[in-house]
Amino acid sequence: MKLSDPRTIKWIWAGGLLVLAVILGLDFTVHHHAHFPRDGISIDTLPEFFPFYGFLSCFLMVVVAKALATALQRKDTYYDDQ
Amino acid sequence: MTINDIPPGVVLLVAAVLMAVLPARGRWFVALAAPVLALADAWVAINDAWAADAAGVARYVSTWQFLGMTLRPVTVHAPTAVFATIFCLMTGVGGLYALHHNRRFELSAALVYAGGALVCVFAGDLITLFVGWEIMTLGSTTILWCARTEGASRAGLRYFALHALGGVLLLAGIALHAGQLNAAGHADPLAFAHFAEMIEGWTSFGWHNAGLWLMLIGMLVNAGAPPFSAWIGDAYPEATESGTVFLSAFTTKTAVFTLMVGFAGVELLIYLGLWMAIYGIIYAILENDMRRILAYSIVNQVGFMLVGVGVGTKLAIDGAAAHAFAHIIYKALLMMSAGSVLHATGRRKCTQLGGLYRTMPVTMWCGIIGALAISSFPLTSGFTTKSMILSGITEQADVMARIGKPHDLMIAAWFILEAASAGVFLHAGIKFPWFVFFQKDSGLRPADPPWNMQTAMVIFAGLCLLLGMFPGPLYAILPYKAEAASYAGVVYNYEYLLSMFGLLLFSGLAFFVLLPMLKRKEMITLDTDWLYRRFFPTVWREVIVPILRGLDHAQKTVLEKLPGRPMGEPRSPLARLGTEWAVSVPVFVVTLMLVIYLVVYFVVLPTA
């Protein structure tokens, strides 16, 4: 079983997705305490808040990065002629 | 004079001299023995201070008189123990990593650099702090130049210029601050202690706190705070594989230490830290150079620490100090892993790497452990330290809510740092190992690096795991031990573990879902260093130089049009001024002036 084998990659993907599903399932079993109970903020007590928040924030950061890239990226030889 | 009078930093500075002159076999001994000696010296002082008073206040262990100033080069501040310990540990393991390359000057410079950092950590007065600060600048610039490449020499010059500027700001601030206190009759104007007057008034700017502002800005330059974040990504990837390991450890963390002692609780630091945490992720996402990815993630991690320092409660300070300790280890480990790849392949761009898992298993596993630790994965050191900063934030928000103080900033900080934690896993936790060791097969089949580099990596990888599973010894040397000890009981709980797994694993999913958008290209991302690398040089070349040329031309034209004799032959008496003079003439004139001055000052004025 070699890592470069496409079948191995498929198994790894399947295993990874299974772990994610288990995490999602377990999240229903626990009661998340609010981090700011005196302020009436309860979004962080919802089930699946953390998986959702992790995915969403990464998605947004990549999108923002790509948007910035259109203005700020140059060839990596940009400074070479100085 | 007892052992307590020897600043631990001086031990490393002496070792640096030995390193430069000893033959190869002696250098091994010095590189490994010097950090142990410095650590022992440090702990003698720390134990002395703690024996006298366990609470987290500065204890002056040794006091020197110099030029009428009271210097305190051996002082134990609340966070001194944790920073001194990790600096010595880093020097030793970094030395082990570097030893096999025959670069005596780089190792010597590294000892100077670490010695300077240690001087800062034990500085009880601002003069000692400044001296340590400048020693660090000299040592780190020399490390950069030891790479002996065109890119490193230019980056080193930019690095030096910026840090010299930061040092000048610090010195100006010290002079102004100490001068004002001295004029006000303060007993100890040079004391490096908590500048509490900044806490309430960080938004105010006036003559009374201008000195503190200058000091704060000087420290923030070294911390890589905006708009000075660019130097980290600019300079660090240009050093040698071992040089970058040293560079990643000391400058920013010494700045965190000084901010912790001097400016804990200054709200501005929260804003700056949040910006850095996000900035580091965005720039690392776009980066292709593997060590520049890691350099940007230093900014990100220091951002977490600055938020902790800015919150300024005992738990938050403990968290920032613990995180600095853990960060130095896993960041050095990541830099060692990347350095081993560079050493084995000579390549630094992700686009030219990949598939190295086949032949570099030790480097890969150590890199992965470092990547998990920086992502604060459970059972690693990042988990047991970064979570403390976040708990410090929620705890402070609760306290402020109870007394009815507005605390929206705390709430925002918590949500932003949770997002940033997910982003760390994205940009460093997965991106670095993925693009270097997996992704496509680059066709490269390099072997793992020499044994000393492997040993250094294994030691730090082991520490990442140990601190994650048994954080007790680290918590025991934090600034506020009682808070840390009570936190140790709650750090591992099922609810929090599940939150963390959910946050991190789904950010991992985001990485693979978004992989097409993350494909590496041979690009760099412009930063504020563009101003001094491109904008100002261009303005000078394209605007100012042509104007000066034009003026020069105009002046010559006007002079030629003037009536009179051509220049050259001295005809008029005044023209004699334009001819060459012997040196003796101006010397005589100056001496004459001095004599007249003395006569006027001592004879004429007193009688008048």
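1. A:E48 sits in the loop between α1 (6-27) and α2 of chain A. Helices (H or I, at least four residues) and strands (E, at least two) are DSSP runs, numbered from the N terminus. Phi of A:E48 is near 65°, a positive value in a residue other than glycine. Most residues other than glycine have a negative phi, and most peptide bonds are trans.

2. **Basis of the model.** This is a predicted model, in which local features need pLDDT of at least 70 and side-chain atom pairs count only at pLDDT 80 or more, while totals for chains, interfaces and linings use all residues. Residues are numbered from 1 along each chain as its sequence is written, with chains lettered from A and ligands numbered from 1 in the order in which they are written.

3. **Confidence.** pLDDT is the predictor's confidence in each residue, from 0 to 100. Chain A has a mean pLDDT of 88, with 96% of its residues at 70 or more. Within chain A, β1(A) has the lowest confidence, a mean of 88, and helix α2 (residues 49-72) the highest, 93. For chain B the mean pLDDT is 90, and 96% of its residues reach 70 or more. The complex gets an ipTM of 0.93 and a pTM of 0.90 from the predictor.

4. **Chain A overall.** Two helices and one strand make up the secondary structure of chain A. Their order from the N terminus is α-α-β. The radius of gyration of chain A is 21 Å, but a compact globule of 82 residues would have one near 12 Å. This radius is taken over C-alpha atoms, and the globule rule is 2.2 Å times the number of residues to the power 0.38. Along the principal axes, the C-alpha atoms of chain A fill a box of roughly 60 × 50 × 15 Å.

5. **Chain B overall.** Chain B has 23 helices and three strands. The box filled by the C-alpha atoms of chain B, taken along the principal axes, is roughly 95 × 60 × 60 Å.

6. **The interface.** Contact involves 42 residues of chain B and 38 residues of chain A. Two residues are in contact if their C-beta atoms, placed from the backbone, lie within 7 Å. On the side of chain B that touches chain A, α11 (268-286), α15 (381-402), α16 (408-437), α20 (494-513), α21 (515-518), β3 (523-525) and α22 (529-561) each supply at least two residues. The largest share, 13 residues, comes from α20(B). By class, this side of chain B has 28 nonpolar, seven polar and seven charged residues. Ala, Val, Leu, Ile, Met, Phe, Trp, Tyr, Cys and Pro count as nonpolar, Asp, Glu, Lys and Arg as charged, and the others, Gly among them, as polar.

7. **Strand pairing between chains.** Strand β1 (residues 73-75) of chain A runs antiparallel to β3(B), joined by three bridges. Strands pair if DSSP finds at least two bridges between them. Opposite A:R74 stands B:I524 in β3(B).

8. **The hairpin in chain B.** Strands β1 (residues 59-66) and β2 (residues 69-76) of chain B are antiparallel and share six bridges. B:Q65 has B:T70 of β2(B) as its bridge partner. Two residues lie between the strands of this hairpin, where B:L67 takes a positive phi near 50°.

9. **A helix pair in chain B.** Helices α13 (residues 314-345) and α17 (residues 451-469) of chain B have axes that come within 9 Å and cross at roughly 145°. Axes are lines fitted to C-alpha atoms, for helices over the stretch in contact, and angles run from 0 to 180 degrees between N-to-C directions. The contact residues include B:L333 of α13(B) and B:F460 of α17(B). In all, the contact holds 14 nonpolar, two polar and no charged residues.

10. **A cis peptide.** B:P226 and B:P227 are joined by a cis peptide bond, with omega about 0°. B:P227 is in the loop between α8 (210-223) and α9 (230-235) of chain B.
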